[in-house]
Structure formats: structure tokens, C-alpha cells
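User: I would like to learn how to read helix packing and aromatic contacts in a model. Could you take me through them step by step?

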Amino acid sequence: EIHYTNNLRLVASCIGVINGINKYYDPSYVPHFNAFEFKKDSKEYCAIIHPIKTEGLLFELDAKRICDWLYSNGFVESAIEHGMEKEYILHLSEESSEYVQIKTLIHSFSHGLIKQSSIHTGLDEGTCSEMLFVNNCAFLIYSTSNINIGGFEYLFKYSLLDWFRELKYSIEDCTFDPVCKMDGGKCFSCMYLQEHVCTEFNQNLSRLTMIGGGEYQNGFWNLSGE
């Protein structure tokens with residue numbers, strides 16, 4: 001399921017200041033980061049906070065297909081009881097191997113879609129960001145700009161099929177294959193995003209989760225018949 005919202009409210013905050021980047025002429029000055037000062041015996045501290053209103057798309061993957069994918073690749077010993085898939089995933093702990101595999105799957109989906117979004121929105125991928133909701137099999141892609149909005153709305157209304165079709169083409173092959181596939185199916189060409197865009201610092205990624213290969217005997221898309 002895919003949901004669009006144009007009323008996504010976020011808060012951008014600054015809790016410190018970088019000093020020294022413009023003092024290259026002073027060899028004795030070391031660039032450093034100053035956090036805003038606050039009293040240790042006080043519960044209050046200073047911060048610069050700016051609320052913004054933007055747009056985003058929420059993607060929710062089918063829990064049954066995810067459980068089938070886990071089982072077909074040997075990440076769970078037995079098939080999950082029919083009708084209990086959502087409950088099973090909802091109670092997975094962050095330390096479990098199943099949780100990590102689902103996180104890798106939805107995170108890779110998120111990065112793949114963000115990297116293809118600029119084709120349709122005209123905006124650089126650096127103006128996007130993400131949120132992962134592993135226990136709900138969902139992820140959110142949103143614009144970090146409250147000025148250049150409307151691109152995701154256009155995608156949602158007119159270009160969803162093209163967006164996913166181009167994603168599939170882009171992850172089937174990488175410029176650095178076969179090295180990329182041998183290294184887990186992730187590199188700066190096919191999966192990595194700019195550091196401020198990715199919430200996980202480009203960890204837990206593999207396009208092989210979707211297309212198969214390596215430790216994934218069955219890719220999620222192959223299993224679902226897409």
C-alpha cells in the first residue's frame with residue numbers, strides 16, 4: 001500500500017555550532033564544534049528549532065509476502081502461520097536476524113526509490129530523506145524542503161508504475177558488477193545516498209534482497225511474481 005500526504009509536519013533543530021571553518025589562515029586554530037551551553041543542574045537548554053510542513057509517501061509492504069520471503073531464504077525455520085504474519089513481525093526484536101533482514105529489504109527499497117525520484121520530480125536526491133518502520137514493514141520517503149514540493153504528489157498520481165519499473169531496471173545491474181554483487185549488492189553507484197539523506201549511514205543495504213543473489217536464494221520481487 002502507498003499513501004501520499006501533503007501535510008507532513010517536521011521539526012528541524014540545531015543544538016550546536018561549528019566554529020573555525022573560515023580561519024584557515026590561522027594554523028594554531030583548530031576547527032571545533034560548540035554545543036549550546038546549558039546548566040547541568042537545570043532541565044532546560046537552548047536550541048534553535050524550525051518547524052516545516054512538507055510532503056511524503058508512505059510505503060507498506062505486504063507482511064505475508066515478507067514472511068514467505070524470509071522462509072524461502074531460510075531466515076526462519078518454519079513458515080509463519082497464515083493470518084499471524086503482521087503479529088509476528090510486529091513483535092520482532094531489533095537484535096533478531098529476521099528484523100535485520102526485513103530492515104535491509106525495506107531500506108534498500110527506500111534508497112532505490114529515492115535514487116530514481118529525481119527523474120520524475122526534477123529535484124536532487126539530496127533534498128529527500130527517509131524513515132524506516134521495520135516492525136510495520138513500512139518506510140516513509142519525504143522532501144526536506146518546504147518550498148520545492150509537489151514532486152511526490154505528481155509521482156503518486158501519474159508515475160508510480162514508471163517509478164517502480166525504473167527502480168527494477170536500475171537494481172538488476174550495477175556499473176560495478178560483478179564486484180558489487182560479490183560485495184553484497186551495495187555500493188555508491190546503486191544503493192548509497194548522501195550521508196544527510198540516509199538515516200542509517202548507508203548500512204543494512206543490498207539490492208540482492210529484491211532480485212536475489214548471494215545469501216538471498218529468492219529475491220522479494222521474484223517471489224511475489226512481479
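Analyst: Contact here means heavy atoms within 4.5 Å, and helices are DSSP runs (H or I, at least four residues) numbered from the N terminus. This is a predicted model, in which local features need pLDDT of at least 70, side-chain atom pairs count only at pLDDT 80 or more, and totals for chains, interfaces and linings use all residues. Residues are numbered from 1 along each chain as its sequence is written, and side-chain values use heavy atoms, with hydrogens and water left out.

User: Which residues of α1 and α3 meet?

Analyst: Ile66, Trp69 and Leu70 of α1 meet Glu98, Gln101, Ile102 and Leu105 of α3.

User: How is the packing of two helices described?

Analyst: One gives the angle between the axes and the distance between them. Axes are lines fitted to C-alpha atoms, for helices over the stretch in contact, and angles run from 0 to 180 degrees between N-to-C directions. Helix α1 (residues 63–72) and helix α3 (residues 97–121) pack at about 115 degrees, with axes 11 Å apart. For α3 and helix α5 (residues 160–172), the angle is about 115 degrees and the axes are 9 Å apart.

User: And how are aromatic rings read?

Analyst: A pair of rings is described by the distance of the centres and the angle of the planes. Rings of Phe, Tyr and Trp (its six-membered ring) pair if their centres lie within 6.5 Å; planes under 30 degrees apart count as stacked, over 60 as edge-to-face and the rest as tilted. The structure holds 13 aromatic pairs, and ring pairs link Phe59, Phe139, Phe152, Trp163 and Phe164 into a cluster.

Key
Helices (H or I, at least four residues) and strands (E, at least two) are DSSP runs, numbered from the N terminus.
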